[in-house]
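Colleague: Could you take me through reading a strand and a nonpolar core in a model like this one?

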Amino acid sequence: MNLHEYQTKQLLDDYGVPAPAGAMAATAAAARHAAEGLGGSGWVVKAQVHAGGRGAVGGVRLVDRLADVEKAAADMLGKRLVTGQTGPAGLPVNHVLVECTCDVRQELYLGAAIDRDRQRIVLMASASGGIEIEELAAAHPERILTVSVDPVVGLQPYQCRRMFYHLGIEAALLIPYTALVHKVYRLFVEKDLSLLEINPLVITRQGDLLALDAKLVVDDNALYRQSDLGTARDWLQEDEKERRAHQHGLNYITLDGDIACMVNGAGLAMATMDLIKLHGGEPANFLDVGGGTTAERVAEAFKLILSDAKVKAVLINIFGGIVRCDLIAAGIIAAVKDAGVSLPVVVRLEGTNAALGRQLLEESGVTLTTAADLTDAAQKAVAAARGRV
């Protein structure tokens, strides 16, 4: 789950990580009022969307007059911001963050993420702040120092010193930088984060460290114990189908293809998409209905699939372990009838009572295509999407 920049900075402030003085506003008049309250002679107005690259498309504006604060906010609010990370539809701007400008001397990068291969939290530091970390990692990996933290002993002072000396900044900042990194690590652990980036972390001309911009992602699986963060979720920034899927306990991600997938189990879903690609097709979604699949979940999954106008065929791939294949087959038949599905539907069932499940599908009177195995299912689904069936 992503948080907006203003929400992220509120969390950083709770943990003692300094950021420029700022305030969130939902109207242009409120933005001007916020700037008046902040004082100073210059402000930055930032569109609040769950995407990077805002500055390149007018989503971040530096102004030095109150009237321009109001105008900048009016230009952003109620519009959709399109960046390199949003796709062509963009994301709605319903809030702006107004901050005081600061006198920046140097830009750094500080990040924390989960390294699943090493089963560790890793901290990343670079003296090349202010640019996309992915681009930096590809072009100049040597500029990024990565520190892996043992979960038993936690972050150690020597690791903070390694990060600090990699940056090549003045020795006077060693103690405040070390303290800041410890605060970031504590926030990461205590709030069950999967990603935290401060980019740029700036050194001002006064010698202070400030989180000028920040991105934070909370692990969805931990929201049951982070209820305060769960209420901060902005569903308007997320795909409508993904929001509906979340409400029904489905794992759904919209993709660009035209073959919809309905699978139980994330690994099986990935394998299904791989087979579709292998045989010349393009998956329209990742849809994991879960191990404890029910007829109701299958029905809701069909509704999600049918709401995607670009879908030309449906591939259902179910392994009946916890739930018997005959029960799944009955749910598929009922869902197809209730939803009035007119698209080609290919079904592959394997596992407990698979033969009985296939028999129910074939005798249902509903137009469905059964498949003997996953390769056969993928080939039939691709053919159906191309109009060859």
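The dialogue below turns to a strand and its partners, then to the cores.

Modeller: This is a predicted model, in which local features need pLDDT of at least 70 and side-chain atom pairs count only at pLDDT 80 or more, while totals for chains, interfaces and linings use all residues. Residues are numbered from 1 along each chain as its sequence is written, and side-chain values use heavy atoms, with hydrogens and water left out.

Colleague: Which way do the residues of strand 2 point?

Modeller: In a regular strand the side chains alternate between the two faces of the sheet. Here Trp 43, Val 45 and Ala 47 point one way from strand 2, and Val 44 and Lys 46 the other way. Strands (E, at least two residues) are DSSP runs numbered from the N terminus, as are helices (H or I, at least four).

Colleague: Why is strand 2 described as largely enclosed by the rest of the structure?

Modeller: Because five of its five residues (43-47) are buried, that is, under 20% relative accessible area with a 1.4 Å probe, protein chains only.

Colleague: Which strands are joined to strand 2?

Modeller: Strands pair if DSSP finds at least two bridges between them. Strand 2 runs antiparallel to strand 3 (residues 60-63), with four bridges, and antiparallel to strand 6 (residues 96-100), with five. Val 44 stands opposite Leu 62 in strand 3 and opposite Glu 99 in strand 6.

Colleague: Which residues touch the most other members of the largest nonpolar core?

Modeller: Such a core is a set of buried Ala, Val, Leu, Ile, Met, Phe, Trp, Tyr and Cys residues joined through side-chain atoms within 4.5 Å. Among its 42 residues they are Leu 110, Met 163 and Tyr 177, and helix 6 (residues 174-190) gives the most, with eight residues.

Key:
Buried means under 20% relative accessible area, exposed over 50%, partly exposed in between (1.4 Å probe, protein chains only).
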